Amino acid sequence: MKSIVIYFSLSGNTKNAAESIAKKTGSDIKPLNVNQAWPTNFDDLAALAQKQRDTDTHPEISSEINLDNYDKIYLGYPTWYEQPPMVINSFFDKFNVSNKTIVPFSTSGSSTFEITVPYVQRMIKDKNIKLEKGFRANSEDEITNGLK
Ligand SMILES: Cc1cc2nc3c(=O)[nH]c(=O)nc-3n(C[C@H](O)[C@H](O)[C@H](O)COP(=O)(O)O)c2cc1C
């Protein structure tokens with residue numbers, strides 16, 4: 001069985017980390033795209049991100065990814081307001097990943113990775129998904145250590 005890196009990234013940091021993880025682990029890689037345009041202006045983006053969080057909005061994912069042949073998924077996201085963006089909820093809505101292993105990773109300005117974990121745990125609650133510890137992927141050192 002194979003592994004795949006699936007990531008959401010707006011300004012490229014998580015994309016860079018995802019590419020590095022894919023290379024280091026020999027995984028395939030796919031982005032999570034959504035059916036909406038994200039504001040390029042930070043204030044508008046911040047307002048939208050908070051609105052999605054506060055209204056429990058799960059933005060619709062346009063990416064079609066066949067996960068049948070994968071048993072391990074490295075799932076990457078930027079940290080937004082100390083939690084994963086709401087699109088990560090959409091990921092678990094759209095894709096049946098039961099019986100697979102999820103290894104979460106995030107990039108952030110300064111927040112720890114661990115602060116995001118309870119949100120992911122809540123998303124997969126009552127689903128038969130194995131959640132590995134995961135790691136922050138702000139640098140090659142963090143990626144190398146996280147993959148150990
Ligand atoms: C709406 C928004 C909220 C953010 N909230 C946090 C935060 O709570 N803590 C933090 O350390 N960084 C925060 N950041 C910074 C991002 O986590 C960081 O720049 C990340 O690497 C961006 O990933 P990307 O380039 O893949 O989109 C936030 C950025 C945005 C746009």
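Before you select anything, note how residues are sorted here: Ala, Val, Leu, Ile, Met, Phe, Trp, Tyr, Cys and Pro count as nonpolar, Asp, Glu, Lys and Arg count as charged, and the others, Gly among them, count as polar. Keep in mind too that this is a predicted model.

Begin with Gly134, Phe135, Gly146, Leu147 and Lys148, which lie nearest the centre of the second largest pocket, among the 13 residues that line it. This pocket holds about 190 Å³ of space, and its lining has four nonpolar, three polar and six charged residues. If you colour strand E3 (70-78), strand E6 (135-136) and helix H5 (140-146), you will see elements that each supply at least two residues of that lining.

Next, select Ser11, Phe42, Pro78, Thr79 and Trp80, which lie nearest the centre of the largest pocket. About 320 Å³ of space lies there, and the lining has eight nonpolar, nine polar and no charged residues. Helix H2 (42-54) gives the largest share of this lining, four residues.

Now show the ligand, whose space is the largest pocket. It is surrounded by 19 residues, the closest being Ser9, Ser11, Thr14, Thr107 and Ser110.

Finally, zoom in on single contacts. An N or O atom in the side chain of Ser11 is 2.4 Å from an oxygen atom of the ligand, while a nitrogen atom of the ligand lies 2.7 Å from a polar side-chain atom of Ser111. Taken alone the ligand exposes 650 Å², and the protein buries 84% of that.

Key: Residues numbered from 1 in each chain as written. Predicted model: local features only at pLDDT ≥ 70, side-chain atom pairs only at ≥ 80, totals over all residues. Heavy atoms only, no water. 1 Å grid on protein atoms, 1.4 Å probe; cavity = no way out; pocket = protein on both sides within 12 Å on 5 of 7 lines; lining within 4 Å. Points joined across faces, edges and corners; volume = space filled by probe spheres on them. Near = heavy atom within 4 Å. Polar contact = N/O pair within 3.5 Å; in protein donor to acceptor, adjacent residues only side chain to side chain. Areas by Shrake-Rupley, 256 points an atom, 1.4 Å probe, with all protein chains shown as cover. Sits in = over half its atoms within 2 Å of the grid points.
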